[in-house]
Amino acid sequence: MAEQPTTGPDAVCLGESMAVLLPDTAGPLDAVGGFRPAVGGAEANTACALASFGVPTAWIGRVGDDGFGRMVTADLAACGVDVSAVAVDPHRRTGLYVKETGGSGLPYDLGPGRSRLHYYRTGSAASALSPALTADPAAARLLDGARLLHLTGITAALSDDCLALVRALLADRRPGRLVSFDLNWRPALWHGRDRAVLPGLLDAADVLLLGADEAEEALGTGDPGALRAAFPSPATVVVKDAGHRVTALDRSGAAVTERALAVEVVEPTGAGDAFAAGYLAGLLRGLDTRRGLRLGHLAAACALTARGDRGLPPAPRAVAALLDASDGDWAATRVTADGIVSPVLTRPAAHLGALTP
């Protein structure tokens, strides 16, 4: 396992992480010959993406005392994420989901570029998260020193105890610590639960992240102005119109909109988590709103061109050039699985592992 950071993290992502079975080939599950294990989950994806941008990050969660739990913890640690406060539950298993991807042309295929996640998480270790976590010394140490705490609506939907934990964390406001909340609407998780609790959770954050499509389904509107009016408390409301543009609105209603990059999509899972990480990394760096939105778009684009839930960001010099690009050059930039082609880059920019800073 990778060594843990010697200083406290700037960011803490709290919630569920799961084992994932990724298909060896595209197609309906009954036609797939084999699967390979991986790790996923919104908060874990965001934590790994934040770490890839150089933000010291911790993930706090709960896994089972099983092989999948050990795999989850080791995977995040290998990404540079602090896992010192991860609890191991001796009685509950680690959650699991199976990914189905389209593009085979077979009957029941989802279609090219589409995917579906099949969850097996009922009664998982993560569902036993509760307000008692805040009394754990390891978790308290990380939470006390963080500049950013990132939460999602997924955690609030897992169980009554999880909802109580989210409420407790949102109520525990501390000087110098921002709380971000990504709706991450999962209808199946909210089935049989009271979604009326959501507005109070969303309005308690400092930074609120919403997908326009999921907000339309969960809250009745995806309009940025209407969502800003519905949630007056957060300093910033960020509304993502998938594949088109993202708008950030401050409390006065002043808006900054930045169009998404042109991307050859390989698989969409994890793009929203990556966007959150890029935008929040920009916030911690002190970037202005437009550059922060661009960093989110870059992170999302790299996730969209990866087979798994996560992509690696471009090298720092490529990121810097793209954040400062003119509107025309930004619009002319294209991201594929082979790298990034843009007028502001002297040669195609591959992902971080293939291009030195």
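I call a residue buried under 20% relative accessible area, exposed over 50% and partly exposed in between, using a 1.4 Å probe and protein chains only. The model is predicted, so I use local features at pLDDT of at least 70 and side-chain atom pairs at pLDDT 80 or more, while totals for chains, interfaces and linings use all residues. Residues are numbered from 1 along each chain as its sequence is written, and side-chain values use heavy atoms, without hydrogens and water.

**Cysteines**

I looked up cysteine 302. Its relative accessibility is 1%, so it counts as buried. How far is its sulfur from the closest cysteine sulfur? That sulfur belongs to cysteine 79 and lies 15 Å away, too far for a bond. A disulfide needs two cysteine sulfur atoms within 2.5 Å. I found zero disulfides in the structure. Cysteine 162 is in none, and its nearest cysteine sulfur, in cysteine 13, is 16 Å away. Cysteine 162 has 0% relative accessibility and so is buried.

**Helix pair**

I turned to helix 1 (residues 42–52) and helix 10 (residues 271–285). Helices here are DSSP runs of H or I with at least four residues, numbered from the N terminus. The two pack at about 45°, with axes 8 Å apart. That makes helix 1 oblique to helix 10, a label for angles that are not under 35 degrees (roughly parallel), over 145 (roughly antiparallel) or 65 to 115 (roughly perpendicular). Axes are lines fitted to C-alpha atoms over the stretch in contact, and angles run from 0 to 180 degrees between N-to-C directions. I noted contacts (heavy atoms within 4.5 Å). Helix 1 contributes Ala42, Asn45, Thr46, Ala49 and Leu50. Helix 10 contributes Asp273, Ala276, Ala277, Leu280 and Ala281.
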